[in-house]
Amino acid sequence: MSKKVIDYSARENPTGVNPLFIERWSPRAFEKTSIDTPTMTRIIEAARWSPSSFNVQPWRFYTSTDATFDDFLSLAIEANQEWAKDCAVIGFLVGEKNLEYNGKPNGYSHFDSGAAWMAMTLQARMEGFYTHAMGGIRANEAAEYLKLDSKQSEVLMGFTIGKLADLSELDDEQRKNETPNSRKMLSEIWHQV
Ligand SMILES: Cc1cc2nc3c(=O)[nH]c(=O)nc-3n(C[C@H](O)[C@H](O)[C@H](O)COP(=O)(O)O)c2cc1C
């Protein structure tokens, strides 16, 4: 897949941020492929090294195999199934709700799990793959499928990992949806006070 057909024009980078951040985006046009085990292991291993409050590491990653892919796919809402069907791996990010050492709620579980997700995503990008987060999932059914204890674990979101399709094969309308989007101005999100 040539990068040349990806239109990054909405992603100006005047300050010289590492391209890894700019070139991470969430495509829906995936090309059917698989991810070998060493690569998949590195992708999750990257998440493993994320920081967390009290180093409790509340994230858990559940990912599909060839045998379970269709089950995982069916746990996404239909609109997501339409494009997720072509990815290589579907996963669910699960957060542990309570602290292991005292059983009290961990208020940072979502925050820390999000950080782990981003680490995973950037490693995937470095491996030549793209991810796409999916809030649109049947979280309760996914929890049941994964046999989670609802007192301790919750499905936070789903995600896909895959190879970007050849965008030159898409029609104009499809290609418009496969164009990296923009962001708020830096001045809106950063206040030096
Ligand atoms: C928690 C979360 C949930 C999301 N849920 C969906 C979803 O259900 N379906 C979808 O197509 N995209 C979903 N997205 C993708 C966002 O729309 C996308 O990340 C955002 O527009 C920024 O674009 P980019 O990731 O291409 O930079 C989700 C992203 C996040 C972080």
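Tutor: Let's start with one idea: call a residue buried if 20 or more other C-beta atoms lie within 10 Å of its own, and exposed if 12 or fewer do. What we have here is a predicted model.

Student: Okay, which residues of α5 are buried?

Tutor: In α5 the buried ones are S109, D112, S113, A116, W117, A119, M120, T121 and A124. There's a handy idea behind reading such a list: an α-helix has 3.6 residues a turn, so residues three or four places apart point the same way.

Student: What do the buried residues of α5 pack against?

Tutor: They pack against α2, β2 (59-63), β3, β4 and β5.

Student: How far apart are the end C-alpha atoms of α5?

Tutor: They're 26 Å apart. At 1.5 Å a residue, the 18 residues of α5 should span 26 Å, so the model agrees with the expectation. After this helix comes G128, with a positive phi near 95°.

Student: Let me step back. How many helices and strands does the protein have?

Tutor: Eight helices and five strands. Read from the N terminus, the order is α-β-α-β-α-α-β-α-β-α-β-α-α.

Student: What radius of gyration does the protein have, and how does that fit a compact globule?

Tutor: A compact globule of 193 residues would come out near 16 Å; the protein has 18 Å, which agrees. Its C-alpha atoms fill a box of roughly 50 × 50 × 30 Å along the principal axes.

Student: What share of the residues is buried?

Tutor: Buried residues make up 28% of the 193. Contacts tell you about the fold as well: among those between residues at least 6 apart in sequence, 80% join residues at least 24 apart.

Student: What should I look for inside?

Tutor: In soluble globular proteins, nonpolar side chains tend to be buried together. Here, the largest nonpolar core has 36 residues, and those with the most contacts inside it are C87, V89, L93, M120, I137 and I161. At least two core residues come from each of α2 (37-48), α4 (78-84), β3 (89-96), α5 (109-126), β4 and β5 (153-164). The biggest share comes from β5, with six residues.

Student: Which residues is I137 in contact with?

Tutor: Apart from neighbours within four places in sequence, I137 is in contact with L75, A76, I77, A142, V155, M157 and G158.

Student: There's a ligand as well. Which residues surround the ligand?

Tutor: The shell is W25, S26, N80, H132, A133, M134, G135, G136, M157, P180 and N181. Strand β4 (residues 130-134) gives the most, with three residues. By class, the shell has five nonpolar, six polar and no charged residues.

Student: Let's compare two of them. Is N80 buried or exposed?

Tutor: N80, found in helix α4, is buried because 20 other C-beta atoms lie within 10 Å. Leaving aside neighbours within four places in sequence, N80 is in contact with M134 and G136.

Student: And is G135 buried or exposed?

Tutor: With 11 C-beta neighbours inside 10 Å, G135 counts as exposed. G135 sits in the loop between β4 and α6 (139-145). Its C-alpha atom is 14 Å from that of G95, and the two residues are 40 apart along the chain.

Student: Last thing: how do I read phi?

Tutor: Most residues other than glycine have a negative phi. N55 is not a glycine, yet it has a positive phi of about 55°. It is found in the loop between α2 and β2.

Student: What is phi for K147?

Tutor: Phi of K147 is near 60°, again positive in a residue other than glycine. K147 is in the loop between α6 and β5. N55 counts as exposed because it has 7 C-beta neighbours inside 10 Å, and K147 is exposed, with 7 other C-beta atoms within 10 Å.

Terms used
Residues are numbered from 1 along each chain as its sequence is written. This is a predicted model: local features need pLDDT of at least 70, side-chain atom pairs count only at pLDDT 80 or more; totals for chains, interfaces and linings use all residues. Helices (H or I, at least four residues) and strands (E, at least two) are DSSP runs, numbered from the N terminus. The radius of gyration is taken over C-alpha atoms; the globule rule is 2.2 Å times the number of residues to the power 0.38. Two residues are in contact if their C-beta atoms, placed from the backbone, lie within 7 Å. A residue is near a molecule or strand if its C-beta atom, placed from the backbone, lies within 6 Å of it. Ala, Val, Leu, Ile, Met, Phe, Trp, Tyr, Cys and Pro count as nonpolar, Asp, Glu, Lys and Arg as charged, and the others, Gly among them, as polar. A nonpolar core is a set of buried Ala, Val, Leu, Ile, Met, Phe, Trp, Tyr and Cys residues joined through C-beta atoms within 7 Å. The expected span of a helix is 1.5 Å times one less than its number of residues.
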